[in-house]
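User: I am new to this structure. Please walk me through it.

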Amino acid sequence: MSMAAPPRKAWTPSQIILTLLGTAVSVVFLAPFAWALFTSLKSETEAVAVPPHWLPQDWTGQAWTALFETGNITNWFVNSLVVSVCVTSVVLLVSALAGYGFARTEFRGKSVLMAVVMAGLMISPAVLGVPLFTTVQQMGMVDTYWGMILPQCAPAAMVYILYKFFQGIPRELEEAAFIDGAGRWRVFFTIVVPLARPSLAAVGIFTFIASWNNFLWPYMVTNNPDLMTMPNGIATVMNSYGIQWAQLMAGGLMAGLPLIIVFVFFQRQIVAGVAHTGLAGQ
Amino acid sequence: MGRPGLNRRQLLATLGGLGVAGSFGFAALGTGADALASNARTRVRYWNLFSGGDGANMIAMLDAFRKANPAIEVKDSTLQWGNPFYTKLAMAAAGNRAPDLGVMHMGRVTGFSPGRLLDAWDVDLLAKYGVHKRDFNPQLWNRGVIDGKLYALPLDVHVQLCFYRKDVLKKAGLLGDDGRIVPVTSADEWFDVLKEARKATKKGLQTIGFWHNDQNFQWWFFVAFYTQLGGTWFDAAGAEVTFDTDKAVQVLEFLRRHLTDGYANPGFGGQAGAEQFVNGAPFVWEGNWSVPVFDSAKIDYGAVPLPPVFGRQATHAESHAFVLPHQADRGGAANEGAHRLAAHIVRHAQQWAAGGHIPAYTPTLSTPAYQKLNPQSEYVSAMDHQATEPKVWFAGSTGILAQRVGPVVVSSTMGSARPEAVARRMRSELTTLLAMKNPMDGRTAAQGGTAA
Amino acid sequence: MTTAETVLAPPRAKTAADSATLRRRRGFQHGGWFVAPFLVLFALFVIWPLLRGVYLSFTDANITGDGESFVGLDNYREALKDPLMWDALGHSAYFTLLVVPCITVLAFLLAMLAHHIERGKWLWRLCFFAPFLLPSTVAGNLWQWLFNPGTGMINYVFGIDTPWLTDKSYAMLAIVITTLWWTVGFSFLLYLAALQSIPDHLYEAAKLDGANAWHRMVHITLPMLRNITGLVIALQILASLQVFDQAVVMLDFGPGPENSTRTFVQYTLEEGFTSYRVGYASAISIIFFVIIAAVALARMWLLRNREEAAR
């Protein structure tokens with residue numbers, strides 16, 4: 001377009017075909033979002049009109065205002081935020097410490113413990129939900145924030161990822177600091193943690209996404225609609241007027257959009273984070 | 001170090017730190033934003049399973065209550081009906097986080113461990129708010145009494161009905177002089193009616209919708225027709241299965257025939273049946289809770305109990321009841337509020353009757369306002385011909401029995417299994433269940449007695 | 001990087017070499033405190049539930065958590081004869097069998113596409129990955145709405161009349177389609193990262209040798225993606241066997257038409273929380289745990305074999 005612009009890559013025939021193909025596939029991937037958005041902007045009666053049509057004939061925000069008036073959704077949003085922030089910070093702290101501990105320090109029974117933690121990779125609330133519930137029930141934490149938060153705070157996978165990373169840091173850095181008389185904890189927080197920032201970011205991002213979207217465990221452990229998180233509330237608490245698709249779609253968008261918006265702005269970090277955590281399993 | 005970038009970073013770090021601290025603080029408070037914001041002196045948490053027309057009526061009744069009792073804040077929550085509701089109610093009670101008031105189906109009370117998951121009603125307190133035993137059908141009231149204590153306060157009786165479009169049936173010549181559907185007394189007559197009705201039906205609409213792929217409705221319909229045939233489930237001691245597979249086959253073949261003869265379209269089994277009815281399909285079998293839906297659609301319709309095709313009247317019936325989910329420290333203002341709220345709703349059931357339900361509080365039935373309701377007056381006789389599930393711990397709305405046997409009935413209706421095989425399968429499921437121990441007390445149905 | 005500079009500077013005082021070695025060694029000792037916080041949480045919420053599950057599986061415990069009694073192997077005996085459990089296991093396995101190959105192939109194709117289009121890389125990445133950021137229940141609700149008879153877009157767009165969620169032959173398929181759309185983005189990102197890490201010089205060398213695009217893919221790309229494919233398949237198998245969220249949301253927490261979509265996780269929760277039979281639910285959970293562990297161990301065994309073979 002502009003002559004001053006740096007030379008752009010050429011539109012070779014293969015590039016044109018690939019781009020067209022990419023566009024077509026993207027449309028398929030995005031169409032459900034568009035359908036949800038348009039549905040949320042229809043009246044409830046128009047939403048269930050037969051046959052369906054894409055664009056609202058009468059654009060209305062009634063589903064969105066109704067959503068906020070009934071009040072639950074804002075509660076759930078706050079709950080989701082509280083739970084995800086708490087889980088992410090606890091996981092970061094605890095798994096960074098543990099990853100470092102396993103990678104760099106010596107103590108009795110380390111290898112046995114490491115093996116046990118690795119075996120923990122096979123356990124999830126999906127596999128052992130019922131016994132986990134009874135455990136939390138024994139602790140009196142059913143229907144509490146802690147009951148939702150703490151069981152999400154022991155992810156063996158994150159420890160493993162950070163363990164792998166800390167193993168890769170040259171030992172000499174810490175050794176020199178020790179010789180200078182720095183304490184273990186100071187070395188950890190002033191030397192090791194700053195070096196690990198990208199890995200910690202990856203773990204943090206992944207944990208936040210997983211926790212924000214977590215359904216199964218909050219579903220098991222919360223019954224009080226006041227305490228539910230977004231995914232749980234949307235699925236189990238009904239509007240007293242029955243299924244209202246426009247409102248349901250509006251609520252779904254509200255639960256899903258924050259992460260998608262964050263993704264648009266922090267795409268590089270998130271992609272690196274997800275790829276990093278995923279690839280660590282190799 | 002005064003670079004703006006660093007300042008921004010510090011700001012972000014501070015904000016992040018505050019956010020994290022705030023989250024932990026909020027989690028430590030542990031009550032949720034709504035309860036924090038509430039400043040009413042008494043807060044009654046009330047869980048129900050009413051959606052659709054029932055939900056709207058319940059909200060209207062709650063609003064009336066709120067107006068009359070401004071000191072009590074009612075926090076009502078509607079949970080998805082069926083499994084999620086009973087799961088959440090049981091788990092909340094087991095975890096000692098139960099709401100102050102809940103709603104259940106009568107049939108589920110026996111298996112819901114009264115005394116452990118449910119607290120008994122304070123009958124004197126109820127009397128103070130105007131609810132007395134004498135105002136209820138004694139049989140219904142006693143279904144909620146276990147070991148001499150009242151655990152379930154009945155709100156209504158609800159039944160399965162045959163809804164019909166008067167405009168379509170009139171065209172088909174199926175309306176009597178009183179403007180009501182001609183009486184049907186046998187299966188052949190019923191299919192003749194369907195055949196005539198089909199001729200008067202618009203293209204693209206099925207003749208009858210009866211939730212043919214829904215495991216709950218199919219089970220309820222089965223119970224109704226099996227009862228019409230005089231079929232039984234277990235002997236009085238609950239020790240032996242008396243299920244009659246021949247009678248069951250008769251019922252299953254009857255249900256199946258709606259599809260094989262093309263009166264019901266397999267694609268319009270669920271909610272679509274009601275939508276088709278609104279659009280002009282002549283029949284739909286639905287619960288009485290569909291009355292407000294059809295009223296608001298402004299169609300000309302009537303409703304009768306399920307046709308007595310096997311010679312004897314009987315239609316499936318259940319009952320909603322108020323319960324007090326177990327709280328270790330039950331008592332005090334919230335508990336009184338729960339009693340007051342339940343009593344208020346039971347006594348002001350006129351609005352509830354608009355939802356098609358037959359109010360349990362009998363003084364309501366004799367009011368002129370109730371007798372004017374249509375089609376409620378057309379099917380009120382269903383009260384006297386109730387077909388209910390057997391009285392065992394595993395029965396009740398969406399209970400284990402319905403979950404195990406319902407899908408089996410559907411497989412016959414939808415044609416993926418032969419009625420004979422399905423009847424045998426039902427019998428074997430019943431045998432298994434009878435031998436199963438109630439997880440709440442470790443006793444089988446026979447050991448625990450069948451008393452409800 | 002001021003800290004790094006000081007650290008890398010040569011130690012000035014060599015006089016106290018011995019005490020320095022001592023300090024250094026002590027720095028790495030007694031790391032128990034580092035792992036302690038994690039281990040406490042891990043013990044409470046992973047190990048203890050596992051042990052408790054094993055214990056409960058030998059009892060007739062109910063949901064109230066009081067007064068269970070020992071019943072020996074009864075629960076396991078019942079489980080082995082329980083047709084609903086086998087059905088549920090079959091449904092989870094069937095789901096896995098459908099999802100894993102589809103998602104692997106689709107993720108690979110999408111990654112190839114996004115990798116080779118030169119413009120707007122971020123956009124393709126966004127489009128393919130965005131669904132993964134939705135909560136499972138939102139994805140489930142959305143597709144339940146898309147599959148809805150009469151008012152749903154799928155039947156309308158394709159001009160068909162398929163009873164997706166009400167017929168037993170389609171219900172599981174609908175869940176699979178939803179899952180593909182929702183989760184393919186994750187595997188896609190893994191493939192994309194792997195593609196980007198293949199060094200360019202391999203391709204350039206091949207080009208010089210006159211290899212065409214097809215040869216380059218078969219002889220360079222695919223072999224270089226072997227490890228990542230193994231990882232994607234393993235992660236997908238483990239995740240798919242544990243399917244629950246979208247399946248129950250799309251079918252309103254029911255078992256699907258004629259019990260056709262009840263998954264294993266769903267069955268354990270139904271037995272535990274709906275039928276209140278915590279003892280029995282624990283027993284089938286333990287059975288499930290053994291299956292999952294077997295799959296995970298099989299993968300480790302395969303990996304080790306391959307490493308040994310490569311040596």
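User: How much of chain C is buried?
Analyst: This is a predicted model, where local features need pLDDT of at least 70, side-chain atom pairs count only at pLDDT 80 or more, and totals for chains, interfaces and linings use all residues. Residues are numbered from 1 along each chain as its sequence is written, and chains are lettered from A and ligands numbered from 1 in the order in which they are written. A residue is buried if 20 or more other C-beta atoms, placed from the backbone, lie within 10 Å of its own. Of the 311 residues in chain C, the buried share is 47%.

User: How many helices and strands does chain C have?
Analyst: Both are DSSP runs, numbered from the N terminus: helices are H or I with at least four residues, strands E with at least two. Chain C has 15 helices and zero strands.

User: Which element of chain C has the lowest mean pLDDT?
Analyst: pLDDT is the predictor's confidence in each residue, from 0 to 100. Chain C averages 87. Helix 5 (residues 83–116) of chain C has the highest mean, 96. The lowest, 40, belongs to helix 1 (residues 2–8) of chain C.

User: Where in helix 3 of chain C is the bend?
Analyst: Helix 3 (residues 32–56) of chain C spans only 32 Å between its end C-alpha atoms, whereas a straight helix of 25 residues would span 36 Å. That expected span is 1.5 Å times one less than the number of residues. A bend is the angle between axes fitted to the seven residues ending at a residue and the seven starting there. Helix 3 of chain C bends by about 45° at A43(C).

User: Which helix of chain C do the buried residues of helix 3 of chain C pack against?
Analyst: Those buried residues include F34(C), F38(C), F42(C) and P49(C). They pack against helices 4, 5, 6 and 8 of chain A. Within chain C, the partner is helix 15 (278–310).

User: Which helix gives the largest share of the side of chain A that touches chain C?
Analyst: Two residues are in contact if their C-beta atoms, placed from the backbone, lie within 7 Å. The contact takes 89 residues from chain A and 82 residues from chain C. With 13 residues, the largest share on the side of chain A comes from helix 1 (residues 13–40) of chain A.

Terms used. Buried ≥ 20, exposed ≤ 12 C-beta atoms within 10 Å, placed from the backbone.
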